[in-house]
Amino acid sequence: MRVYKATNADMDCTMGSGRYHYVLGVPATAGNSKCGRAGLHACEYVLDCTGYYGLGVSNRFFVAEASGDIAEDGENTRIACTELTLVQELDIRGITAHAIMYMAEHPRREGWEKEGFLLEAKRDRAEARHSGAIAIARGERPLVRGTEGACLGLVQEENGEITDARLLTAGRRGIKPHTWYTLADGIPREVSG
């Protein structure tokens, strides 16, 4: 199953009382899996990884493939497994895109809203206040803005279903920094905040 894994800058993670070093493309293995206690941990929703390894402090985020014995415990979308392979590293734009994709694939799941350092994924209105930050607004008329270099997501929904989504970068392709945007007929449009 596709999951997401975050690590420190050296691709190391805490594992029990020790550390485990991951290598891109090389399967990691564990003897058993029990969330929070044993196995290799990852999340189905990339933004849940930020609760373990935050954005903006040299931590790294990956698309991964989980297999073997897979356990869940209801703690956000965290899973533990006996085999985990890091498939692709994500930059800030990739993290934002995969977060939007998760929302589109699971529109009725709870827990998608997240706030933290360099992160706002919120209902209706979100703002990225630093370069390299993420802001995702989701709702019937979502509003998002950010500083230059911030990754922005607009996720439009109606009756609990995602009807449109866009990934933007403040300061690129006509998206002005510090300016509110919404979706109108599938096109990002400036609005007064």
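**Close-up views of a predicted model**

Cys43 has a relative accessible area of 2%, so it is buried. This residue and the others shown below belong to a predicted model.

**Figure 1. Overview of the chain.** The chain holds one helix and 14 strands. Its C-alpha trace extends about 55 × 35 × 25 Å along the principal axes. For 193 residues, a compact globule would have a radius of gyration near 16 Å, and the 17 Å of the chain agrees with that. Buried residues make up 49% of the 193. Of the contacts between residues at least 6 apart in sequence, 53% join residues at least 24 apart. The exposed surface comes to about 9400 Å², with 45% of it supplied by carbon and sulfur atoms.

Figure 2. A disulfide is a covalent bond between the sulfur atoms of two cysteines. The count of disulfides in this model is zero. Cys13 is in no disulfide, and the nearest cysteine sulfur, in Cys49, is 9.4 Å away. Cys13 has 2% relative accessibility and therefore counts as buried. For Cys43, the closest cysteine sulfur is also that of Cys49, at 4.1 Å, which is too far for a bond. The cut-off for a disulfide is a pair of sulfur atoms within 2.5 Å.

**Figure 3. Gly51 in the loop between E5 and E6.** Gly51 sits in the loop that joins strand E5 (40-43) to strand E6 (60-72). Its relative accessible area is 66%, so Gly51 is exposed. Gly116 is 65 residues from Gly51 along the chain, and the two C-alpha atoms are separated by 8.2 Å.

Figure 4. Most residues other than glycine have a negative phi. Met11, not a glycine, has a positive phi of about 65°. Asp185 is not a glycine either, and its phi is positive at about 55°. Met11 is in the loop between strand E1 (2-7) and strand E2 (12-15), while Asp185 is in the loop between strand E13 (180-184) and strand E14 (187-191). Are these residues buried or exposed? Met11 counts as buried because its relative accessibility is 9%. Asp185, at 81% relative accessibility, counts as exposed. The cut-offs behind these words are under 20% for buried and over 50% for exposed.

**Figure 5. Surroundings of Ala170.** Ala170 belongs to the loop between strand E12 (161-169) and E13. With a relative accessible area of 1%, Ala170 is buried. Which residues are in contact with Ala170, leaving aside its neighbours within four places in sequence? They are Gly146, Thr147, Glu148, Gly149, Ala150, Leu152, Ile175 and Pro177. One of these contacts, Thr147, is 23 residues from Ala170 in sequence and 6.2 Å from it in space, C-alpha to C-alpha.

Figure 6. Thr77 is placed in the loop between E6 and strand E7 (78-90). Its relative accessible area is 12%, so Thr77 is buried. Tyr181 is 104 residues from Thr77 along the chain, with 29 Å between the two C-alpha atoms.

**Figure 7. Ile134 in strand E10.** Ile134 is part of strand E10, which covers residues 134-146. What is the relative accessible area of Ile134? The value is 0%, so Ile134 is buried. Apart from residues up to four places away in sequence, Ile134 touches Leu55, Ile92, Ile95, Thr96, Leu118, Leu119, Glu120, Ala128 and Cys151.

Key: Residues are numbered from 1 along each chain as its sequence is written. This is a predicted model: local features need pLDDT of at least 70, side-chain atom pairs count only at pLDDT 80 or more; totals for chains, interfaces and linings use all residues. Side-chain values use heavy atoms; hydrogens and water are left out. Helices (H or I, at least four residues) and strands (E, at least two) are DSSP runs, numbered from the N terminus. The radius of gyration is taken over C-alpha atoms; the globule rule is 2.2 Å times the number of residues to the power 0.38. Buried means under 20% relative accessible area, exposed over 50%, partly exposed in between (1.4 Å probe, protein chains only). Contact means heavy atoms within 4.5 Å. Accessible areas come from the Shrake-Rupley method with a 1.4 Å probe; for residues, only the protein chains shown count as cover.
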